[in-house]
Amino acid sequence: MRKHIVAGNWKMNKNLQEGVALATELKEILAAEAPNCDVIIGTPFIHLATVSELLKDSCIAVSAENCANHDKGAYTGEVSAEMVKSTGAEYVILGHSERREYYAETPEMLKEKVDLALANGLKVIFCIGESLEQRENNEQEAVCKAELAGSVFHLSAEQWKNIVIAYEPIWAIGTGKTATAEQAEEIHAFIRSCVAEVYGQEVADETSILYGGSCKGSNAPELFGKPDIDGGLIGGASLKAADFKAIIDAWK
Ligand code: PEP
């Protein structure tokens with residue numbers, strides 16, 4: 001059975017002390033009441049080592065929100081996949097629409113990042129999703145398929161085991177507009193069919209596909225109740241332990 005996952009993406013929020021406080025609170029809450037799904041928190045680079053150490057005996061895994069598309073060397077300010085791995089983090093979020101849009105990350109760059117992340121033993125949460133304009137033109141399937149083909153469909157079936165897909169319609173991220181559960185299910189099923197075309201149905205059935213975009217405690221049960229939605233990638237609602245826990249509880 002594929003994994004059910006609730007993953008947080010803190011983005012550029014929380015200084016180190018605030019991040020440690022939030023991770024500590026989550027650790028305590030989930031130690032008192034074990035989750036029914038895998039739980040991951042995506043933190044800024046500067047938190048990774050401290051938070052990974054803090055959570056090492058807990059049920060919470062740690063993710064970076066990015067890594068470089070180069071192995072090492074003269075790339076001032078960049079953080080390599082190997083460096084991320086050395087902090088104790090297990091995952092890296094790649095392909096987030098904010099990185100694609102504000103930092104001009106291309107499918108080719110993302111392919112390089114994915115390859116380096118996997119080569120360094122990280123698992124990848126790979127984000128795809130269409131803009132409002134693309135949705136209005138009914139291009140969501142073509143966009144998602146092209147984003148997968150451009151950056152992850154070159155992987156072997158063995159490498160694919162370390163990929164989690166996050167479908168995040170850009171028009172729903174941080175806007176308060178959630179895709180309806182039916183809209184989300186329709187595209188999740190399509191994404192799974194794309195995975196099946198490349199890797200076969202068995203691999204597709206084992207692939208976790210998360211929904212992201214204004215997911216909260218109030219809408220998570222309906223979203224997660226759909227057969228092809230295996231959890232969520234959560235932005236805003238991952239910044240408070242109680243809000244994040246309410247989403248995790250949707251799997252109960
Ligand atoms: C995200 O950016 O990954 C996200 C899903 O954000 P939010 O939950 O705030 O819409």
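1. A residue is called buried here when its relative accessible area is under 20%, exposed when it is over 50%, and partly exposed in between (1.4 Å probe, protein chains only); by that criterion, 50% of the 252 residues of the chain count as buried.

2. This is a predicted model, in which local features need pLDDT of at least 70 and side-chain atom pairs count only at pLDDT 80 or more, whereas totals for chains, interfaces and linings use all residues. Residues are numbered from 1 along each chain as its sequence is written, and side-chain values use heavy atoms, with hydrogens and water left out.

3. On overall dimensions, the radius of gyration of the chain (taken over C-alpha atoms) is 17 Å, which agrees with the value near 18 Å that a compact globule of 252 residues would have, the globule rule being 2.2 Å times the number of residues to the power 0.38. The C-alpha trace spans about 45 × 45 × 35 Å along its principal axes.

4. The chain has 12 helices and eight strands, which are DSSP runs numbered from the N terminus (helices H or I, at least four residues; strands E, at least two). Of the contacts (heavy atoms within 4.5 Å) between residues at least 6 apart in sequence, 72% join residues at least 24 apart.

5. Asn-66 deserves a separate remark: this residue lies in the loop between strand 3 (60-64) and helix 3 (81-86), and it is buried, with a relative accessible area of 8%. Leaving aside neighbours within four places in sequence, Asn-66 is in contact with residues including Phe-45, Val-84, Ile-93, Arg-99 and Lys-113.
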